[in-house]
Structure formats: structure tokens, C-alpha cells
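Good morning, and thank you for the time. May I ask you to bring up the sequence and the model, so that we can go through them together?

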Amino acid sequence: MQWETVIGLEIHAQLSTQSKIFSASATTFGAEPNTQASLVDLGMPGTLPVLNAEAVRMACQFGLAIDAEIAERNVFARKNYFYPDLPKGYQTSQMDHPIVGKGFLDITLEDGTVKRIGITRAHLEEDAGKSLHEDFQGMSGIDLNRAGTPLLEIVSEPDIRSAKEAVAYVKAIHALVRYLGICDGNMAEGSLRCDCNVSVRPKGQAEFGTRAEIKNVNSFRFIEKAINHEVQRQIELIEDGGKVVQETRLYDPNKDQTRSMRSKEEANDYRYFPCPDLLPVVIERSFLDELRSQLPELPPQKRERFERQFGLSTYDASVLSASREMADYFEAVEKTCGDAKLSANWVMGELSSLLNKEGLEIEQSPVSAEQLGGMILRIKDNTISGKIAKMVFEALAAGEGASADEVIEKKGLKQVTDSGAIEAMLDEVLAANAEQVEQYRASDEAKRGKMFGFFVGQAMKASKGKANPGQVNELLKKKLEG
């Protein structure tokens, strides 16, 4: 039997506000445990929450960016359940009246096709604290610093049909919230987490299968691996005569498997009711109009502009616009050297390779955009060849010069473009390889093509890579056939 995978994702984006959603407590990551939790965050008697206006603004920005319906009147509710790191015994969230309604996000798949993923809703809520198990033998520690941090929970429609599509969608959300500046997207620190609702059904069947929710997956790689494992688990279970039960599962990356955590609750299990301490939020149309006018250029528009303005391929434009920082870096390089294609090649090639190797983000690049652009200028004016440029780039990355010009001068890397000097060098190369010259002249066209590379290699070796490759090829051909 052929099976179809059905996936819906719930992404929790931690909003980049300076204070929590209902209190003035700080949201700084990495503070000493329990130093950023106020009486309001703990839900102590006599305290009242005050809604953070910045969190509302950020949620509305997101809604506008996904072309969503934004509720002019939205309501906070209490979601009642017990967790040791949720001291109030309830989570203030939104249920029936979320701030952001139906919208969509387009993703680009590996084959270049674009698929639209529906977004059901995005609602504001407070985060819980964190249970710590590593440092307490036989016990758990509770850190409430995170309790009350504002979250935007983004719920997709079940439109996703594979683990790769799921990763593409999460990456698109990740890029979007970073472009908007509403979330830093740091998955390792928990700023962006994903719950994956996964089910399978026989191909062609209309109704959905029973879903399992994989909770709190915090990397693109783990999202793909967790979904693939869960799909295989469900298929094997059904084909062996078993039934998938609706439950919450955890993904263990060390064992590459999911395991049951608890039976999946339904909304009525949480006994939602409107929060008695918070008034409904009324959003005026003029506020949304002002926000819309302030939206930055978003990834789809930037990708289209890169294709149109710089003549880049769809693939190159997609890679370069994947993050705001990458796009800004590329444009700064292009502005310096005036060559979009060379800029794209170097940013996606040597620079990205260096960053991956060193585990750096592009904003931490040891080679600035102006330095890289300056080096590309020297390639364009034939001061250095592409091969020498790699040596210059490595020197800049190692901090051996403030500019490409300084490195070229200090290391004597200037390309030889004097025809007379190149001709004299070629004469020496041919004289030293007289036997190969005779073989070349006696050979047919096909064999000559292979032998020609030998002479080019000898010439570049003799010049220590400094001879202009174009001139070497042109003059060498004349001398061999003369």
C-alpha cells in the first residue's frame, strides 16, 4: 500500500521584547536561575497582569506579513493545566479569539516549485518556566526566568506532505520573523521551537489519519529526522495490525527515535475560559495601516528584486535572501565592486564555506563586505587572478591585512600582465619541454586539447600563479602552433 504523510506545524516564536508579556521582568537569556521572575509571573494573589503593547505590535506585524486576517477584537484566555514549571497552574493564552487569523506563506521546494502553506492562526501567549534535570541527582530544578516571556504560536494548516516540506516551511518562518525583527530565531536557546503534528493515510484517502504530536523540536535537522522516524513508526504500526493513538511524543536525537510522553489532550481538557484580569484587545485600523507602511522588504520581494535588479538566477537569489544579514552583506559587496554575479559567487562559495567551517554567522564574518568587494575589484581589473584571489581571501580572513590591496602588496601577489614578460617565461617553459612540444605538433586535434593543459600548468607553475591566465592561453596557443 502507498502511504501519504500529512503534517501540521505549531511554531513557538519567542518575541524580542525587553520585558515579559504581562510584567516588567527582563527577558535576557542566560541570567542566573530565578532572578527574572516577578510576583506577577508567579501569579501571586493580589497581582494583576498588564499587557505588553510591543508584543501586540509584533504579532500584528507578523499578521500583515503573511497577508492574514487580524482580529480587531481579540481576547486572552486561561488554559488550565499543571506543570511544575508553570507555578500559576494556568497559562494565559488565546483560544477562540486569536490576534492573527487565516493567512499563508509560500515556500520554495528543492525542485524550484513554489507551494502555498496555509496558516490557521497565530496567537499570543506566555511561556512556561524550564525544568532542569542535569545538575540535581534524583531531583529536578525549576528555573522560572522564562515564565511569562511572550510567545507567538504560529499554527499551520495540515498542508505539508513531507519532512523536507516541513523544514522548508520552518526555515521560511524563521527567515520572516528575523526579517521583521520580532524574534532572534535562535533555536539552540529556545527562541524558536516547533511541535510537529504527524499522521499518515492511504494515498487517495480523503480523511486524515490519527496524528501524534512531536513536542519542542529545536533544530531544522531534528525536525526532518523526527518526522521521518515518526512516519515510518506509524506505517509499520498500521501494517502490523496496530492502531496509532493520539498522543504527545518526544524526539530523542541520540537514539533517533520518538517516544511517548502523554496522551494528547483536547482543547476542552484545558478548561479554557476568558481571563478575568485582562480586557479584550481592540486594534484600530489606523494602527494597522501605520504598521503596514513600516514593513521592511520581505524575503519574497527581496528575492524577486535580486533576480530583476542583478540578473541573478532564482536559486542564487533565494540563497542570498534567505536571511536579512546575508542579503545586506551581498548588497554591500555588490555596491563596492559593481559585479553582482562575482559577488554572489564569492558570498555563496568561499565566504559561506569559511563561515560553516568556523561555525560563524555572517554578521561575525572575519572578512567584511567592503574587504570582499575590494578584492573582487582587483579580480576585475586583472591585478590578481581567481586563483590568487583565494590566497588573498584567506589572508584577509586571517587578519593579515586591512584590505585586499594591502595583502597583494605585502605578499607580492600582483598578477603579471606584461606580454613581453609572459612570452619570455613561455619560451623557457617550451624549451624545457621540447619533447612534449614535438608530440603536441604531431598530434591530432583531440589529443592536442589534452596536452595543452599540461603546458598551461607548467606556465602557471613557472610564474607561481601570477601570470594572467587569459594571456597565457592566448600566447601559448600561438607559440605552439607557430
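Predicted model: local features only at pLDDT ≥ 70, side-chain atom pairs only at ≥ 80, totals over all residues.

Strand E10 (residues 192–202) is largely enclosed by the rest of the structure, because 10 of its 11 residues are buried. Buried here means under 20% relative accessible area, exposed means over 50%, and partly exposed lies in between, with a 1.4 Å probe and protein chains only.

Residues are numbered from 1 along each chain as its sequence is written, and side-chain values use heavy atoms, with hydrogens and water left out.

Which strands pair with E10? Strand E1 (residues 3–14) pairs with E10 in the antiparallel sense over 11 bridges, and strand E11 (residues 212–217) pairs with E10, also antiparallel, over 4 bridges. Two strands count as paired if DSSP finds at least two bridges between them. On the E11 side, Cys 196 stands opposite Ile 214.

Cys 275 is in no disulfide either, and its nearest cysteine sulfur, in Cys 60, is 19 Å away. Both cysteines count as buried: Cys 196 has a relative accessible area of 0%, and Cys 275 has 6% relative accessibility.

Let us turn to a second sheet. It is an open sheet of 3 strands, in the order E4-E3-E14, with antiparallel pairing. Why is one side of E4 and of E14 left without a neighbour in the sheet? E4 and strand E14 (273–274) stand at the edges and each has a single partner strand, so one side of each is left without a neighbour there. Strand E3 (residues 77–80) is joined to E4 by 4 bridges and to E14 by 2 bridges. Within these pairs, Lys 79 stands opposite Gln 91 in E4, and Ala 77 stands opposite Pro 274 in E14.

In a regular strand the side chains alternate between the two faces of the sheet. In strand E4 (residues 90–93), Tyr 90 and Thr 92 point one way, Gln 91 and Ser 93 point the other way, and all are buried.

Asp 67 lies in the loop between helix H1 (53–65) and strand E2 (73–74). Asp 67 has a positive phi of about 55° although it is not a glycine, and at 54% relative accessibility it counts as exposed. Asn 382, in the loop between helix H9 (369–380) and helix H10 (386–397), also has a positive phi, near 65°. Is Asn 382 buried, partly exposed or exposed? At 39% relative accessibility, Asn 382 counts as partly exposed. Glu 110 sits in the loop between strand E5 (103–108) and strand E6 (114–126) and, at 71% relative accessibility, is exposed. Glu 110 and Lys 164 are 54 residues apart in sequence, with 8.5 Å between their C-alpha atoms.

A cavity is a set of points, on a 1 Å grid over the protein atoms alone, where a 1.4 Å probe fits but cannot get out, and lining residues have an atom within 4 Å of a point. Among the lining residues are Asp 41, Asp 85, Lys 88, Glu 126 and Asp 127. The lining divides into 4 nonpolar, 2 polar and 5 charged residues. In that scheme Ala, Val, Leu, Ile, Met, Phe, Trp, Tyr, Cys and Pro are nonpolar, Asp, Glu, Lys and Arg are charged, and the others, Gly among them, are polar.

Technical notes
1 Å grid on protein atoms, 1.4 Å probe; cavity = no way out; pocket = protein on both sides within 12 Å on 5 of 7 lines; lining within 4 Å. Disulfide = S-S within 2.5 Å.
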